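Please keep the model open while reading.

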Amino acid sequence: MSLFKGAGVAIITPFHADGSINYDKLDELIDFHCENSTDSIIICGTTGESSTLTEEEHMDCIKFTIEHTKKRIPVIAGTGSNCTRTAMEMSKEAAEAGADGVLLVTPYYNKATQDGLFSHYKAVADEAKIPVILYSVKSRTGMNIEPATVARLVNEVDNIVGIKEASGDISQISRIMQMTEGRVDLYSGNDDQILPLLALGAKGVISVLSNIAPKETHDICEKFFAGDLEGSRALQFKVLPLVEKLFCEVNPIPVKKAMNLMGMEVGGLRMPLTEMTEKNAAGLARAMTDFGIKLV
């Protein structure tokens, strides 16, 4: 059984003006997603600025989200690290706190071999014991999980059950699905490729767009699963201009700006990320208005 089916939000981490985590706002966002068709919450991923959270903050965010979601929808904890031991410890702690699964990004900077990737993921999965979703995003980490490595992991490690594929390489993703014979739950890591990956057998998307348009992102998936290909395609086409603006600067700079434009008051960013340029912010605001999102 899949951890979730549909649109999971790669949720942002809201901050106070002094840069500390705004847990009251995080609680509001959790309720917002539970009430607006989001199918899962992915906490402390790239969009959540996990790379600038301390280990204590990281685990506090995960535990808070698990507690306040109250099992309404699954919570998947981002516990990846370029240090295998750290990833093992955080994954085990997340499991003990009640996470439904963990999302493990490829070890960045180290540039492990494919054998190294296999050993890393097996060690973390063995420690976590709960379902594991691999996260392949070479543009961020410099590391690609080759299809043969994905197939080996899925075949040899029982609790490695899914992969978030953000490579953008449709041919690679097709090979993953072919080589695993459908035994891996595929999730799109790119909001502009939800429908193409659903056509390859994906279970859904782990989405940045869902932070501001959760119902529409959910509906791209839901319409496809219901056999309404035309409806799914129309929605995928509709979100493309907005998705383009959400990635005109490095994520999560634009999506946090978008949420603040909507009056959600999620705060700023932690350095080295900086605020969006005025030109790009104006383009984002136009795209949001054209999409039908009300700005304050």
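## Nonpolar cores

The largest nonpolar core has 83 residues, and the members that touch the most others are I43, L134, I160, I212 and L242. A nonpolar core is a set of buried Ala, Val, Leu, Ile, Met, Phe, Trp, Tyr and Cys residues joined through side-chain atoms within 4.5 Å. Buried means under 20% relative accessible area, exposed over 50%, and partly exposed in between, computed with a 1.4 Å probe on protein chains only. Apart from this core lies another, of 13 residues, including L3, Y135, A166 and I206.

The model is predicted: local features need pLDDT of at least 70, side-chain atom pairs count only at pLDDT 80 or more, and totals for chains, interfaces and linings use all residues. Residues are numbered from 1 along each chain as its sequence is written, and side-chain values use heavy atoms, with hydrogens and water left out.

I160 belongs to strand 6 (residues 160–165); helices (H or I, at least four residues) and strands (E, at least two) are DSSP runs, numbered from the N terminus. Residues up to four places away in sequence aside, I160 touches Y121, A125, V132, L134, L153 and V154, where contact means heavy atoms within 4.5 Å. With the same exclusion of residues up to four places away, I212 touches L242, L246, V255, A258, M259, M262 and I293.

## Annotated binding positions

An unreviewed UniProt entry lists T47 and I206 under "binding site". The two are spread over 160 residues of sequence but cluster in space, the largest C-alpha distance being 10.5 Å. Both T47 and I206 belong to the lining of the second largest pocket. UniProt positions follow the numbering used here, feature names are shortened, and annotations may be inferred rather than shown by experiment. On a 1 Å grid over the protein atoms alone, a pocket is an open set of points with protein on both sides within 12 Å along at least five of seven lines, and lining residues have an atom within 4 Å of a point.

T47 is in the loop between strand 2 (40–43) and helix 2 (55–69), whereas I206 is in strand 8 (residues 204–207). Beyond four places in sequence, the contacts of T47 include A10, T13, N211 and N251. Those of I206, with neighbours within four places left aside, include F4, A10, K164 and Y187.

## Aromatic contacts

The whole structure holds three aromatic pairs. Rings of Phe, Tyr and Trp (its six-membered ring) pair if their centres lie within 6.5 Å; planes under 30 degrees apart count as stacked, over 60 as edge-to-face and the rest as tilted. F4 and Y187 are stacked, because their ring centres are 4.4 Å apart and their planes meet at 20°. This pair joins the segment before strand 1 (6–10), which holds F4, to strand 7 (residues 185–188), which holds Y187, across 183 residues. F224 and F225 form an edge-to-face pair, at 6.1 Å centre to centre and 75° between the planes.

Accessibility of residues discussed above:

| Residue | Relative accessible area | Class |
|---|---|---|
| T47 | 4% | buried |
| I206 | 2% | buried |
| I160 | 2% | buried |
| F4 | 4% | buried |
| Y187 | 1% | buried |
| F224 | 23% | partly exposed |
| F225 | 29% | partly exposed |

K5 lies over the face of F225, 4.4 Å from the ring centre. The charged end of K238 is over the ring of F291, 4.8 Å from its centre. A charge sits over a ring if NZ of Lys or CZ of Arg is within 6 Å of the ring centre and within 35 degrees of the ring normal.

Conventions
1 Å grid on protein atoms, 1.4 Å probe; cavity = no way out; pocket = protein on both sides within 12 Å on 5 of 7 lines; lining within 4 Å.
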